[in-house]
Amino acid sequence: MAQNDLMSNAEDVADQFLRVTKQYLPHIARLCLISTFLEDGIRMWFQWSEQKEYIETTWGCGFFLATLFVLINLLGQLGGCILILSRNFVQYACFGLFAIIALQTVAYSILWDPKFLMRNLALGGGLLLLLAESRSEGRSMFAGVPTMRESSPKQYMQLGGRVLLVLMFMTLLHFDTSFLSILQNLVGTALIVLVAVGFKTKLAALTLVIWLMAINVYFNAFWTIPTYKPMHDFLKYDFFQTTSVIGGLLLIVALGPGGVSMDEKKKDW
């Protein structure tokens, strides 16, 4: 009984938060989600020579292809961010950013690093949620047919986005025997599962947002490291990637889990 009361009180707090922030939350979510692309695009501008030299040296592709790579990353990311924030051609912008993720995964050899690969996939999950948000229900071929609600492509985008987003948390698990680590892993895994299956989704996602924000500020405080040290750029990269995943989770909080979820199924029970 006490556990049910605690859960009910937590859900009341989450609902109150949503009522207060309903008008602003989707905008904040989109800004957080595209933050890593915005930061990376700006970095391409200020580190043009270093990025070009790295690609040219690593791949031996020559001056022209290395320059083209940096240019595509710069224009693709900044252009995509501008379109998403201005709510123009959002679907094309999302597809462009998907392509940037794939390009960087290969170019920076992220494909062979499980931790960074999962983080890139989590970014893709955030973009899937953004893509789902931009789709009008009326554009689905099943629009207006309630029994086919779960078959809408939008619902499956939301499901895919939720599942991919939780990959970020797999990179935060600490496999040691300390009590704090075990507790953090158990709580984090429970919340991950809730978001993935879409049960108590908004509350679980909001809890993960708070948890991720605390971890991000504590562990990725790049502003405390001098800019000339390599660790500054590494922590900055981690900080904005995590912020983007927070944006995806905020979209889940704002829009709900979608039709393919236990929360939605409960309405039919």
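At what angle do helix α10 (residues 201-219) and helix α11 (residues 230-255) pack, and how far apart are their axes? The two helices pack at an angle of about 165°, and their axes lie 9 Å apart. This is a predicted model, in which local features need pLDDT of at least 70 and side-chain atom pairs count only at pLDDT 80 or more, while totals for chains, interfaces and linings use all residues. Residues are numbered from 1 along each chain as its sequence is written, and side-chain values use heavy atoms, with hydrogens and water left out.

**Terms**

- Helices are DSSP runs (H or I, at least four residues), numbered from the N terminus.
- Axes are lines fitted to C-alpha atoms, for helices over the stretch in contact, and angles run from 0 to 180 degrees between N-to-C directions.

**α10 and α11**

- α10 and α11 are therefore roughly antiparallel to each other (an angle over 145 degrees).
- α10 passes α11 in a left-handed crossing (the near helix is turned anticlockwise from the far one by less than a right angle).
- Residues in contact (heavy atoms within 4.5 Å) include T201, K202 and A205 of α10 and L235, D238 and F239 of α11.
- By class, this contact of α10 with α11 has 16 nonpolar, four polar and two charged residues.
- Ala, Val, Leu, Ile, Met, Phe, Trp, Tyr, Cys and Pro count as nonpolar, Asp, Glu, Lys and Arg as charged, and the others, Gly among them, as polar.

**α7 and α9**

- Helix α7 (residues 153-165) packs with helix α9 (residues 179-197) at about 165°, with the axes 8 Å apart.
- That angle makes α7 roughly antiparallel to α9.
- The crossing of α7 and α9 is left-handed.
- L159, R162 and V163 of α7 make the contact with V195, A196 and V197 of α9.
- Five nonpolar residues, no polar residues and one charged residue form the contact of α7 with α9.

**α5 and α6**

- Helix α5 (residues 90-107) and helix α6 (residues 114-134) cross at roughly 170°, and their axes come within 9 Å.
- α5 and α6 are therefore roughly antiparallel to each other.
- Among the residues in contact are V90, Q91 and C94 of α5 and L117, N120 and L123 of α6.
- The contact of α5 with α6 has twelve nonpolar, five polar and no charged residues.

**α2**

- Helix α2 (residues 25-46) has 22 residues and reaches 31 Å from its first C-alpha to its last, close to the 32 Å expected at 1.5 Å a residue (1.5 Å times one less than its number of residues).
- At S35, α2 bends by about 45° (the angle between axes fitted to the seven residues ending there and the seven starting there).

Notes. Parallel < 35°, antiparallel > 145°, perpendicular 65-115°, else oblique.
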